[in-house]
Amino acid sequence: MINPQEEPVLSLDDVVEKLCCPDSYKHVYHRPLHDQPMPSIETLAYIMEKLRAVIFPGYYGLSEISPESMRYHIGANLDAVSRLLAEQIKRGFCFFCDGELGTCMECESRAAVLTQRFISTLPKVRELLSSDVLAAFEGDPAAKSPGETIFCYPSIIALTHYRIAHELYHLGVDLIPRIITEMAHSKTGIDIHPGAEIDESFFIDHGTGTVIGETCIIGKHVRIYQGVTLGAKSFPKDDAGKLIKGIARHPVVEDRVTIYSGATILGRITIGERSTIGGNVWLTQSVPPHSKIIQYKSEE
């Protein structure tokens, strides 16, 4: 191991020279084909605040909202979201653009269309999040009201980001869905890939350390606890040794399953409906409906 005190002290000019060497930055430098700006984390955070105010009126944004002012409140927020999100979606396209996607004008037009398609999914998104809120309230004896889960529970924060990102992901939006879910990941410790399929009434109790992979399928009324991993068992490679992307490699969790803290479930296996998976269980095989899987206890 090199002692830092033995490292040579470089002049500022030498440091600049080394950092400007192409070999130094070839893996960490990004320059879009058309010199378009990167997506803005700050703008996407602002968009999420506006969407929260639309989905949970009175809880976020203006707190003094009446049924009479609801139309103005929602309309104004969605107008801002429409304008800002279209620009961010276009920047997401430009991030990966290699010239095959068409001209910048075509990307701008496509971004505008996808933004409107996304806006049209918001009634469905609210319906799903409403079911998640009720699942959290009904499933946690410590919760005094559904509103408490909206304000305080990391599960609802993470699911709000996930359900919004999931709709954008299915519309074919580049990069933006991952940024949105990673915002929630950094804030809550809950890592949900936007490609996962999660049905209604989903509750993550406590939540820290939860991981839900890209090709997971989760049914209705599923409850999991902190530290649960729904991950991949292996990563197949092609003949060139590169990972094969997009294949189904994460678990299927059927309706009304409960998975307790620290459980690790890997691979494209199925957890049958109404099963219970105990804490700290390591599982790589499918289990039938109504199963109860706990740690094996050896006899002393």
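At what angle do H3 and helix H8 (residues 154-170) pack, and how far apart are their axes? Before selecting anything, note that this is a predicted model, in which local features need pLDDT of at least 70 and side-chain atom pairs count only at pLDDT 80 or more, while totals for chains, interfaces and linings use all residues. Residues are numbered from 1 along each chain as its sequence is written, and side-chain values use heavy atoms, with hydrogens and water left out.

**First stop: H3 and H8**

Select H3 (residues 41-55) together with H8, and you will find them packed at an angle of about 100 degrees with their axes 11 Å apart (axes are lines fitted to C-alpha atoms, for helices over the stretch in contact, and angles run from 0 to 180 degrees between N-to-C directions). H3 and H8 are therefore roughly perpendicular to each other, a term for angles of 65 to 115 degrees, whereas those over 145 count as roughly antiparallel. To see the contact (heavy atoms within 4.5 Å), show Met48, Leu51, Arg52 and Ile55 of H3 with Thr160, His161 and Ile164 of H8.

Now select helix H4 (residues 70-96), where the axes of H3 and H4 come within 9 Å and cross at roughly 150 degrees. That makes H3 roughly antiparallel to H4. Among the residues making the contact are Tyr46, Ile47 and Lys50 of H3, and Asn77, Leu78 and Val81 of H4; by class, the contact has eleven nonpolar, four polar and one charged residues.

**Last stop: the largest pocket**

Finally, select Ala135, Gly139, Ser201, His221 and Arg223, which are the closest to the centre of the largest pocket among the 13 residues that line it. About 200 Å³ of space lies in this pocket (on a 1 Å grid over the protein atoms alone, a pocket is an open set of points where a 1.4 Å probe fits, with protein on both sides within 12 Å along at least five of seven lines, and lining residues have an atom within 4 Å of a point). Helix H6 (residues 122-139) gives the most to the lining, with five residues.

Key. Helix = DSSP H or I, 4+ residues; strand = E, 2+ residues; numbered from the N terminus. Parallel < 35°, antiparallel > 145°, perpendicular 65-115°, else oblique. Nonpolar A, V, L, I, M, F, W, Y, C, P; charged D, E, K, R; others polar. Points joined across faces, edges and corners; volume = space filled by probe spheres on them.
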